[in-house]
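Student: I have a model open and would like to learn how to read its features. Could we go through them together?

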Amino acid sequence: MTKLLHRTIGSTMPRAVAGEGIYITDSEGHTYIDGSGGAAVSCLGHNHPEVLDAMKAQMARITYAHTSFFTTDVAEELAEQLVELAPKGLDYVYLVSGGSEAVEAALKMARQYFVEVGQPQRRHIIARRQSYHGNTIGALATGGNAWRRAQFKPILPETHHVSPCYAYRDMQAGETPEAYGERLAGELEAKIIELGADTVMAFVAEPVVGATLGAVAPVAGYFQLVRRICDKYGILLILDEVMCGMGRTGTMFAFEQEGIVPDLMTIAKGLGGGFQPIGAVMLSETIYRAFAEGSGLFQHGHTYIGHPIAAAAANKVVEILRRPETMKNVVRMGERLQVGLDAALGQSAYVGDIRGRGLFRGIEIVANKDTKEPFDPARKINSRIKKEAMRRGLMCYPMGGTIDGVHGDHVLLAPPYIIEAEQIDMIIDRLAAAIDAAIAG
Ligand code: PLP
């Protein structure tokens with residue numbers, strides 16, 4: 001009998017007892033390929049010796065020093081590394097302990113910025129339907145997944161949502177990607193005007209939508225239009241790279257492929273690689289200056305921000321991510337994954353779309369490929385795929401509600417960047433078999 005309140009009560013889960021490279025082993029000796037890095041977390045696999053050594057070395061020095069009393073070498077080094085890595089315009093770093101905390105902090109930074117610069121009327125947040133930004137109240141309110149929000153809606157702060165950039169379903173017949181991007185940008189601009197342009201503080205988006213849509217990248221040009229609209233109305237652009245960042249899509253940050261720079265960016269998951277809980281917000285010099293020359297502080301803080309062991313782990317993770325061979329492998333293995341998935345699943349009557357970038361790939365499952373009609377949610381195709389994949393020794397990240405929070409199923413793959421060609425092929429074989437079994441069952 002468990003005393004833990006698990007995510008799903010009453011389900012029996014295997015007990016993880018060991019992790020090595022891309023594999024996790026349970027207490028019964030079954031081994032699983034971590035084809036999703038948990039939830040796009042374990043970017044360097046498990047038990048990476050260099051990261052463990054960095055953590056041990058930090059443990060021998062100091063494990064905790066409250067950030068209202070001290071800074072530490074490891075936290076300072078991490079901030080320096082991240083600023084070196086990011087394009088100009090993301091010039092400072094605020095450390096937190098995970099993705100939701102990063103999103104909360106970014107929202108508060110946006111709000112405080114406008115207070116500091118004498119625009120306290122700016123309060124509206126606009127985000128996109130079918131995005132996920134975390135489970136704390138502010139982050140949940142910002143996310144646009146109807147199912148996740150539903151029961152908490154009465155206690156969520158007011159936020160506003162526009163359409164996602166979801167070409168597979170929403171780009172109209174005969175519409176070019178450019179025209180589709182312009183239509184979406186028009187919708188955003190109309191929403192800004194409806195709310196009152198000088199009352200909007202931020203637009204929040206995942207550059208490549210992860211958990212709730214399944215690795216959906218934008219059409220070319222979309223984010224440039226978004227950037228232009230934000231600039232036109234003096235609105236801050238917050239990009240949430242908690243899932244798609246830190247090399248997952250083949251560039252260190254996913255937005256780099258869009259030719260824009262946000263005002264605020266959130267990162268987590270791949271930053272600590274699962275070795276430690278850590279997240280961060282990167283902010284522009286302009287926002288930093290407004291705080292520095294205004295109240296002289298960012299009115300926020302948590303007990304564990306800048307935790308030395310988390311910072312030590314992240315420092316080493318980032319150092320490894322910066323090695324040219326790491327990103328090269330993401331691109332090479334990402335292509336192999338896409339080509340292999342196309343070959344194995346492209347002809348399936350139940351696979352509507354295979355998409356993504358780098359080692360971040362999504363497979364959308366449909367009941368009818370021609371009409372793109374989804375399966376009845378009662379069939380719980382996504383949870384069956386997860387179960388069948390686990391039975392075959394594969395961790396993948398299936399989710400339902402792809403289309404509107406209720407209908408639609410997809411599978412997300414996000415394996416560690418250290419993966420090798422034969423292991424990619426094993427993921428594809430096992431996933432194909434799991435999808436077949438789930439649909440047949
Ligand atoms: N933002 C995005 C894009 C995410 O995918 C997630 C988690 O999946 C979060 C925020 C929340 O992160 P965390 O679960 O670390 O709080």
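Tutor: Gladly. Let us begin with a term: a salt bridge is a side-chain nitrogen of Lys or Arg within 4 Å of a carboxyl oxygen of Asp or Glu. Side chains of opposite charge can pair when their charged atoms come close. Here Glu50, Lys316, Glu319 and Arg323 are linked in a network of salt bridges. Before we go on, note that this is a predicted model, where local features need pLDDT of at least 70, side-chain atom pairs count only at pLDDT 80 or more, and totals for chains, interfaces and linings use all residues. Residues are numbered from 1 along each chain as its sequence is written, and side-chain values use heavy atoms, with hydrogens and water left out.

Student: How many salt bridges does the structure hold?

Tutor: The structure holds 20. One of them joins Asp425 and Arg336, with the closest N and O atoms 2.7 Å apart. Asp425 sits in helix 14 (residues 421-440) and Arg336 in helix 12 (residues 324-345), so this pair ties together parts that are 89 residues apart in sequence. Helices (H or I, at least four residues) and strands (E, at least two) are DSSP runs, numbered from the N terminus.

Student: What separates Glu285 and Arg289 in helix 10?

Tutor: About one helical turn, because they are four residues apart in that helix, residues 285-293.

Student: Is Glu388 buried or exposed?

Tutor: Buried means under 20% relative accessible area, exposed over 50%, and partly exposed in between (1.4 Å probe, protein chains only). Glu388 is buried, at 14% relative accessibility. Its salt-bridge partner is Arg392, at 2.7 Å from N to O, and Arg392 is partly exposed, at 29%.

Student: Which residues surround the ligand?

Tutor: A residue counts as near if one of its heavy atoms lies within 4 Å of the molecule. Those surrounding the ligand include Gly98, Tyr132, His133, Glu206 and Lys269.

Student: Where are its polar contacts?

Tutor: A polar contact is a pair of N or O atoms within 3.5 Å; within protein, one must be able to donate a hydrogen and the other to accept it, and residues adjacent in sequence count only if both atoms are side-chain atoms. A polar side-chain atom of Ser100 is 2.5 Å from a ligand oxygen atom. In the side chain of Asp240, an N or O atom is 2.7 Å from a ligand nitrogen atom.
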